[in-house]
Structures are given as C-alpha cells and as structure tokens.
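Trainee: I have a model open and want to learn how to read it. Can you take me through it feature by feature?

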There are 2 protein chains.
Amino acid sequence: MNGLRFTLLARDGTARRGRLETAHGAIETPAFMPVGTAGTVKALTMDMVRQAGAQIILGNTYHLMLRPGAERVGRLGGLHRFTGWTGPILTDSGGFQVMSLSARRKLTEAGVTFRSHLDGSAHELTPERSVGIQDSLDANVTMQLDECLKLPAPRGEVERAMELSLRWAARSKAAFRTRPGYGLFGITQGGTDDALRRRSAEGLKAIGFDGYAIGGLAVGEPQDAMLRTIEAHAPDLPEDRPRYLMGVGRPDDIVEAVRRGVDLFDCVMPTRSGRTGQAFTRFGTVNLRNARHKDDPAPLDPESGCPASRDYSRAYLHHLVKSDEILGAMLLTWNNVWHYQDLMRGLRAAIEAGRLGDHVAAFKADEARSGPLP
Amino acid sequence: MNGLRFTLLARDGTARRGRLETAHGAIETPAFMPVGTAGTVKALTMDMVRQAGAQIILGNTYHLMLRPGAERVGRLGGLHRFTGWTGPILTDSGGFQVMSLSARRKLTEAGVTFRSHLDGSAHELTPERSVGIQDSLDANVTMQLDECLKLPAPRGEVERAMELSLRWAARSKAAFRTRPGYGLFGITQGGTDDALRRRSAEGLKAIGFDGYAIGGLAVGEPQDAMLRTIEAHAPDLPEDRPRYLMGVGRPDDIVEAVRRGVDLFDCVMPTRSGRTGQAFTRFGTVNLRNARHKDDPAPLDPESGCPASRDYSRAYLHHLVKSDEILGAMLLTWNNVWHYQDLMRGLRAAIEAGRLGDHVAAFKADEARSGPLP
C-alpha cells in the first residue's frame, strides 16, 4: 500500500500501543526517536543505537541541507546508506531550527529565507523545498514545514502562525511524492489554546496525512499547561493515525504524554546530557561531574542491559568526564539512549498488559528517589 | 612461575615470532600496544579495542598518578577492573612525560620532582615510587624509571643519562614485587652511540629483567639513524627475553624494527591521528579533511575486517570530520588501531612462514601507492 500502515494493537485508558510500518521496518509505539542531527546520533555508532533498542532515528533537515547538503546525501544513496542506519528515519522540516535563527531569517507567505550559522550563506526553505530535501534524504517520515512560536505569545500571533502552517500543510501535501513505506505528517499549531488546536487539527484532517504531530509545545510553557493541552487536543486527532509530540522531552513528560494518547517522541535530552556528564537512570538523573562519585565502585545500574550502565563504575565515569575523555560522552550517551528505550519498552509492555496505572506509579516512586536534572 | 614467560616460536633472519605470557593472558609478538593514556584508548570502547585484535594496551603512569590517582585506581581494583580491559597492561614509568615538562621539573640522583600540568601541584617520581604506582595500577609489565633525552644531545649528556638510568634500573629491580604473571622491564639508553648502548645493555643484563626496552629513540633523530642503532643494538639484548622499542612508530618504522629483531611497540600515532582526520590504510595515509572526499562513495578499505574501514563512505567520514562529530574520531581511531593490528598480524604470519622479505616488499609497494602523512 502507499504511505505508512499504522495498526493499533492495544489500549489502556487513552494510552495506545501500536505499530507503524515503513519501507525500512516497523516501529513499535509508543516509541522514542534518538536525534541524529547531522547524520550521526552524537557519540554513538549506529550499532550502539541499534543495540539500545532504538527502531527509528530523527535527522535534522536544517543541519543536513547546510552540510553535507541534501542533494549530496541523495547522490550518495540517501541517509540510510550515508549513515549506515538501516531502520526507519524521520526528518524534521528544518523549520524549527530556522525559526530560532530570529535575526538571521525572514518569514513570508512563500516560506522562510535565512543565513547559514556555518558560513552566512543565504538559503530559502519553502514547504515544497523542505519536502524535496526530505525526499533527497530518503526520509521514511517527512514532516511538513510549519511555523513554531516560542510561548508565551499573543493569541493573534499564535492564530496567524497556525493558519500559515495550515496553508503550508496543504502545499506540503501537494509537493509530497506518495510511495509505499514513506509518509508525510502534518503538524498542529495553536499554542495552549484548545480552540486553535482544534481548528488546526480539523484543517489537517481535511488535507489528510499519514500521521499527526503536535508542534509548538515544550517551547517555554509550564509542564502542566503542556499536559493539559495534549489531553484536550488528543481527541481532535484521528484514532487510526500515529500522534507525534515533537521535541519532548524528559522521561516524566513522555510518561504523561503516553497516558494521554501520544505515540511518538524525540528529544536531544538523552544525547546532549550524555555529553555534559548527566546520566539518566531508573532512579533519576546522576551528575557524574560531582566529586562524590570519585571513589564509587558501583555502576549506574547493575540490572541494565546496557554495557555502559552495567559494566563501569561511577568512579571511572567520573574520571572520564572530568578528563574530558571522548569515551565519557560515548558511555553516558549510550546509557541515556538505552534508558529512554527501556522507558518505552516498559510503557509498551504496561499498555499491552493493561497495567499502565501501576506502571506509572512505580515509575514515579523510582524517579523520586533522586533529584531532578540540575 | 614468577615473572613473565617468553617463548620464541619462529625466526626469519633476525626477526622473531614469540609469545609473552602474563597473568591476564598471552601476547603474540611482534605486537603493537595501543596507548590508553588516562585509562582509555581515546575515542574507543575497550570492546572496540579488543575487536581490532589488540592483545595488550599501555597506560601512562604520569597521567594516571595525577588523575584519578594511582592509589585510587588501586583501591578500585587496579586498571583492569577500572577500565574494563581484561587483557594484559603495560604501564610506562612516567619518566618520559615528566622529562618533557622541562621548566616544570627538577632532576636529581634521587629522582625527579615536578609540577602537575593540571593544577600545578608538586609531585615526586623516584624509581621506587614509579614501581609502587605501577603496582597499584596492577600493570602486568612495569617499566623502570629512566632519563630519556631529546636527540641530538652531547655525548657526555647521553652517557650521564644512561648511567643514571642504570642506577635507577637497579633501584627499580630492588623495589619490584616479584609475582607470577607480572614482570619488570629494564630500558637501555645511550642515544645513537653503539658503545653506550652496549654498556647500557650489559648493565641491565647484570641486574636481570623480564624484558628489555630500547628507550630514547624516535626522539628527533632521522629514521636511518634509529634503524642503524637498533640493528647494532639488538644483539646486545638477551635472545630469550622480549624487546620493546618505546614510542615507535609509523608503520614503516615498525616493519623495519621487526626485521631487526624487535618484539613490542607502542605509539600514540594511530589514536592521535584518528582525532585529527587521518586514516592509515594499506595504501598509505588518507587525510579525510580534504575536500576531494566530499562525494566519494568508496570506503577506506572494502577488504578490511574493521566496520569503520569497510562500511562507511569516505564522503561520510569527511562529513563527520568537517563537522567535528565525535563519531568521526571514533571511526577513524578504530580504523587506525585495527590497521596497526592488521600490520602486526601480517608480520607475525610472514615470520612464521619464513617469507618476511617478500611480505616487506609487498608492504612497501602498497604504501608507495599513496603519499605520507602530511
């Protein structure tokens, strides 16, 4: 069949357990996508990413279009062949990074023009160009170009950006080359305004997409505002299509969003934290820079399946981090990416078993045993 | 038995094929030891080092005594347990790094005092302290403290340093705790002066060591002077003990030294080059920073057993290096460490088969197909 097949396998309350099938394999949902910004999940080989249990990774159109260039990646056989990641790949539209360039970009109805942060060269990103780039990259999931605002923002601004994003959604759909195992996702906007979110979803559904993303959250608003918005907004989205909460988040954000019916997530947190000495564990986060780990022979988690979590002492990890050794970034990133996959495995099993409530309660009790990320 | 067992298995001319047995396993010689400076072979997991075929790694006493501290490593179970490297480990004496601090160190008959490059704190390294540190680190091969000069140096200076190193050799031997599977190596000095080298070897043999290292070469002298010195000096060393040429070198240095009867090598070149975009291949070195690799779909070596050499295009490696991605350092270091192990595997097989001459000729023809390291 054309596009992406999505099958709902189980439910627990509003939480969903599904399977998304692509030309490069299936993704069991709820799923977390490690971020592979510039064609690499930073500090890991793709084999390490695979061993952690990740089934799909995310690539950043903005970074890849500037270096090495989308057409170059296309000539080299696409992102799968270029990077050695043989599983499914989702790419973002490039919009989020471009919007954050603020002074260096200019937005019009046509699209957005901007200057590269690398060399100042001028570029244009339109809905059509973004879809074309993602086609060159051979992305299994293409994201429409949208305008994502920082929150809080005036309601008029939020509405304008939502309406523009809808017009860009229609142009993205028209530009997308339909083919088996590849799909296009629309993105709802509307900030934390339920009525705007509903109008956004209605507009997208009228166009028709393989999946529906919730954009423009986790951009400055409090967690409870985000969760309240997701809870009100999830019923606006088609039951039979995957739902992707973009750029989220911390483990507890993910757990709460899964409860509210979200299927897909991505965030730089596990990878970025791994390069700054932060480890995610079942019992909260651990800052390996802290001198209290100097003489600690205990691993991060003796029961983890991840070699980085299980086979090295905190004393050794502390030493690597303090010495700015590359291996420190490698091991902590591996631990973190594996931890996020463990989190998703646990959520999937709990939904299948119909015991998500108990699972979430146990998760919160474990997390409470340590402090939050500083 | 106490100490280290060394067995000569084959010869081809003056080249030797041997086996050195330690408490943590055997080393097939000739062997190259990747440098694991501060308890990590930079940018690799120990599993990647093992997969490359390395049988022994080197740790730096200077770096480890300053951070995380030798006594701390000792309390944590030694370097094997600390780093996860279960095979044999050789540690240097710390002397080489300390001597290179020049303005920050003071040499006396007793030893050398110096200030840490990390925090300026004062430290002392004596022959006894160096042996004690290496004991704490659980090194299978302990190196005596010696004085290593930069060449060229006045003959009087070279002689003085050689004689001091001999007295330190005797003190190192007296301080060494003899035990099964652990050994102490003496180090000859004397620059490129054959007579001084001979006196140095005679002095060491009178003391008696598990192995004999040639120190103070590859420190500024031309390659032909180094090779001439090794050729004249090798017969000074006991036939039935391993010979270790310290800090050497490029592949062609190693090949020529193996022909002259050397068994063990170490050098930062494969690891350091891997972090600056240089790849060693059968056909010479490749600078991945060079723009000519931008669109090259070919891997570094399709016939290599190393995933980094075989499974990624030069275009991808170029992209990673230009983008300062950690994965670039990981893959190029892996390629380089694997290449050095391939080199040693080839030399061992050639000596066993009695065809070292042909093997070296083929090696040189292959290397000549590309240019030298810039």
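The dialogue below goes from a sheet to the domains and then to the pair of chains.

Mentor: One caution before we start. This is a predicted model.

Trainee: Let's begin with the sheet in chain B. In which order do its strands lie?

Mentor: First the general idea. Strands of a sheet pair through backbone hydrogen bonds, either parallel or antiparallel. Here 3 strands of chain B make an open sheet, ordered β1-β2-β3, with antiparallel pairing.

Trainee: Which strands stand at the edges?

Mentor: β1 (5–12) and β3 (25–29) of chain B. Each has a single partner strand, so one side of each has no neighbour in the sheet. On average, neighbouring strands are turned by 15 degrees against each other, direction ignored.

Trainee: How many bridges join β1(B) to β2 of chain B?

Mentor: There are 7 bridges, and β2 covers residues 15–22. For one pair to find on screen, look at B:D12, which stands opposite B:A15 in β2(B).

Trainee: Now the domains. How is chain A divided?

Mentor: Into domain 1 (5–267) and domain 2 (274–367). The C-alpha centres of these two domains of chain A lie 27 Å apart. Their contact takes 24 residues from domain 1 and 24 residues from domain 2.

Trainee: Which element supplies the largest share of the domain 1 side in chain A?

Mentor: α10(A), with 6 residues. Elements supplying at least two residues each include β1 (5–12), α1 (46–52) and α10 (251–259) of chain A. By class, this side of domain 1 has 16 nonpolar, 2 polar and 6 charged residues.

Trainee: On to the two chains. How is chain B laid on chain A?

Mentor: By a turn of 180 degrees with a shift of 0.0 Å along the axis, giving an RMSD of 0.0 Å. The two copies are therefore related as by a two-fold rotation axis. The same surface serves both copies, as 100% of the contact residues of chain B recur in chain A.

Trainee: Which residue of chain B comes closest to that axis?

Mentor: B:I326, with its C-alpha at 3.6 Å.

Trainee: And how many residues are in contact between the chains?

Mentor: In general, the size of an interface is often given as the accessible area lost when the parts come together. Here we count residues: 30 of chain B are in contact with 30 of chain A. α13(B) gives the largest share of the chain B side, 5 residues. Among the other contributors of at least two residues are α3 (70–75) and α14 (326–353) of chain B. By class, the chain B side has 14 nonpolar, 8 polar and 8 charged residues.

Definitions and conventions. Residues are numbered from 1 along each chain as its sequence is written. Chains are lettered from A and ligands numbered from 1 in the order in which they are written. This is a predicted model: local features need pLDDT of at least 70, side-chain atom pairs count only at pLDDT 80 or more; totals for chains, interfaces and linings use all residues. Two strands pair if DSSP finds at least two bridges between them. Helices (H or I, at least four residues) and strands (E, at least two) are DSSP runs, numbered from the N terminus. Axes are lines fitted to C-alpha atoms, for helices over the stretch in contact, and angles run from 0 to 180 degrees between N-to-C directions. Copies are superposed by least squares on the C-alpha atoms of residues with pLDDT of at least 70 in both. Two residues are in contact if their C-beta atoms, placed from the backbone, lie within 7 Å. Domain bounds come from an automatic or database domain assignment. Ala, Val, Leu, Ile, Met, Phe, Trp, Tyr, Cys and Pro count as nonpolar, Asp, Glu, Lys and Arg as charged, and the others, Gly among them, as polar.
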